[in-house]
Amino acid sequence: MDQAKALVNREYKWGFVTDVEADSAPRGLNEEIIRFISLKKKEPAFMLQWRLNAYRRWLQMTEPRWQHVHYPAIDYQDMIYYSAPKQKKDGPGSLDEIDKEILETYEKLGIPLDEQKRLAGVAVDAVFDSVSVATTFKEKLAEKGVIFCSFSEAVQNHTELVKKYLGSVVPYADNFYAALNSAVFSDGSFCYIPKGVRCPMELSTYFRINSADTGQFERTLIVADEGSYVSYLEGCTAPIRDKNQLHAAVVELVALEGAQIKYSTVQNWYAGDKEGKGGIYNFVTKRGKCAGHRSKISWTQVETGSAITWKYPSVILQGDDSIGEFYSVALTNNYQQADTGTKMIHIGKNTKSTVIAKGISAGHGDNTYRGLIKVMPAAMNARNYTQCDSLLLGSRCAANTLPYIEVKNRTAKVEHEASTSKISEDQLFYCKQRGISPENAVSMIINGFCKEVFKNLPMEFAVEASKLLSVSLEGAVG
Amino acid sequence: MLEVKNLHVSIEGKEILKGIHLKVRAGEVHAIMGPNGSGKSTLTQVLAGNESYTVTQGDVFYQGKNLIEMSAEARAREGVFLAFQYPVEIAGVSNAYFLKAALNEIRAHQGLEELDAVDFLELLKEKMKLVKMDPSFLNRPVNEGFSGGEKKRNEILQMAILEPKLSILDETDSGLDIDALRIVAEGVNQLRNPERATVLVTHYQRLLNYIVPDYVHVLLGGRIVKSGTKALAFQLEEKGYDWVKEREPEAGEGVKTK
């Protein structure tokens with residue numbers, strides 16, 4: 001593996017900073033700041049009240065410490081909770097009104113917001129620091145009755161839907177970071193698919209952290225009404241900064257009877273440098289509720305960035321015959337840490353869940369899979385299949401698998417399989433003997449390892465994910 | 001094409017090859033025979049560039065170049081191919097993908113354009129007939145779930161596609177039934193031409209009925225102790241390796257060369 005060790009270390013190429021004038025809240029957190037955010041967003045009274053309730057609850061909570069990650073204490077008073085690029089008017093009406101610098105940022109990231117240039121079939125909501133700057137293809141979606149807009153806009157224009165579903169899957173008191181998010185969230189995406197509609201294109205939100213010392217707290221709410229279908233993609237990057245930045249998002253999915261939501265993430269926040277300095281703390285609560293019978297929620301995630309990743313996209317299988325799926329690739333290189341997995345809560349009858357988790361550790365990376373499969377007393381004939389595979393590159397990294405299984409119904413069948421392997425010298429030699437360079441051999445073997453997950457990603461994303469893995473792993477093998 | 005001079009090789013401090021001399025010219029087929037533990041596989045691995053082995057002494061020249069200084073992938077791109085005794089499995093990587101990657105890296109080295117998916121598939125289908133592979137094999141992961149015979153046929157298929165100048169076959173006949181043996185031999189024979197050379201490593205004379213060698217060498221205790229024509233293989237079959245050991249007492253295990 002000596003050749004592989006010598007692979008060049010490419011830098012994080014999304015690490016640039018965009019120079020825009022920002023409208024920020026003062027440092028620190030108190031009720032005044034929350035009122036400031038709510039006022040900035042011209043929110044209705046219920047929203048402010050909800051935020052304040054969350055904040056008061058948060059004050060009584062303590063930061064969780066059970067996760068298998070290590071980081072210095074976060075000073076919540078030394079952070080900026082609201083930062084928005086200055087706008088000429090109250091919210092951009094068209095692309096012409098968006099700061100040129102921001103448009104260029106998204107161009108650089110390969111996310112052109114100009115609808116003409118957009119690859120066909122994907123509508124994008126672009127979130128820059130704390131606010132949504134543009135949502136493409138709105139009119140086209142509106143023809144089908146699909147609502148896809150920034151969260152702030154949804155609070156204004158679709159108040160009843162927000163009121164009904166906000167916090168219905170992740171209540172503000174759910175956990176420390178969810179409570180913090182509920183108090184200070186600034187924007188995010190909102191999506192509603194009406195009854196029987198198959199969303200005509202992929203929906204996508206692209207998150208970009210730009211300002212220094214800001215926490216990013218966005219909130220995504222997706223509601224798929226009866227018999228509808230939506231595929232949703234989430235991408236993210238951040239500039240290189242030597243201080244850690246907190247990203248504490250909340251994503252809530254609601255699938256009503258017969259509805260299907262496919263949620264895919266390629267997470268590429270800045271991971272910190274080779275010595276482990278800087279990088280994003282990605283402490284996110286993602287949960288979906290299969291509220292109706294025969295509904296289905298699939299999470300597919302590729303986690304390559306962040307200094308620390310701590311998240312468990314989960315599914316509450318409430319409706320009978322509902323299905324929950326979780327496909328994950330989590331990669332830790334250098335000093336990255338990840339404690340990720342899922343929770344599948346079986347409540348309805350004949351509910352099924354599948355968990356395929358692939359962990360790759362390189363360098364001094366520390367990768368933990370943590371999963372909970374819970375079968376409630378009423379969940380007759382619940383089924384779960386879990387497979388956790390870890391791949392180690394080098395000898396200084398670690399992989400842990402922590403499955404929790406709670407079964408309260410005798411008819412349940414829960415299966416768990418786990419494996420840990422290394423890329424063997426034999427595999428590398430075999431590839432090299434066929435003329436394949438060590439770099440390509442390693443990336444081929446790793447892509448093979450992740451195939452079961454990648455095949456669940458939309459085509460474009462699968463290609464991006466595969467490239468991202470190669471880049472993230474350069475210099476990692478040895 | 002290949003010249004091995006006084007090659008000494010160790011692994012983990014233990015000397016396995018103790019002064020090998022071998023000369024292979026273009027167009028020739030050489031068979032290397034010998035009992036278990038005589039160093040046959042070590043020789044093939046070293047020629048192919050496996051870095052687990054240390055060359056402590058001697059030289060290997062391939063088409064005038066110092067082979068020992070070349071990386072495994074550089075050797076492969078220059079036309080050295082090893083059909084492995086135990087081909088490894090690569091989960092999640094399809095045979096078609098693997099072969100295309102290999103072929104295109106070799107073509108790039110030769111200054112040729114990459115083959116696109118359509119042309120490649122055509123080539124693959126044609127060569128698959130040669131080794132009687134089922135088309136479903138294309139989408140199966142490399143060697144995963146293959147029977148012993150399928151793995152060996154897959155090695156020959158790879159060889160047929162990559163068209164090496166020097167093919168080294170390590171015990172390709174072991175574990176094959178007579179039909180599979182015939183298919184493998186046919187594959188090798190079809191590749192025989194005046195520009196290419198083959199080194200066959202085998203335990204048994206059986207394979208040599210199908211692939212007729214120009215020369216036969218006997219490897220014992222890390223050295224080639226006897227060379228001859230195909231007739232030598234028959235003598236070995238008849239009299240066993242002990243016959244050579246008796247005649248060449250120095251070749252016994254543990255004998256140190258000076």
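Okay, let's start with a term: two strands pair if DSSP finds at least two bridges between them. Strands here are DSSP runs of E with at least two residues, helices are runs of H or I with at least four, and both are numbered from the N terminus.

Now, this is a predicted model, so to speak of a local feature we need pLDDT of at least 70, and side-chain atom pairs count only at pLDDT 80 or more, while totals for chains, interfaces and linings use all residues. Residues are numbered from 1 along each chain as its sequence is written, and chains are lettered from A and ligands numbered from 1 in the order in which they are written.

So, the sheet in chain B. Which residue stands opposite B:A31 in strand 11 of chain B? That's B:V216. Strand 3 (29-33) and strand 11 (215-220) of chain B run parallel, with 4 bridges. They belong to an open, mixed sheet of 6 strands, ordered 6-9-10-3-11-12. Strand 6 (80-83) and strand 12 (223-228) of chain B each have a single partner strand, so one side of each has no neighbour in the sheet.

Next, how the chains meet. Contact means C-beta atoms, placed from the backbone, within 7 Å. By that rule, 24 residues of chain B touch 18 residues of chain A. On the chain B side, helix 2 (72-77), strand 7 (90-94), helix 3 (95-109) and helix 5 (148-162) each give two or more residues.

Last stop, chain A: A:A224 touches, among others, A:I193, A:V230 and A:I261, leaving out residues up to four places away in sequence.

Definitions and conventions. Two residues are in contact if their C-beta atoms, placed from the backbone, lie within 7 Å.
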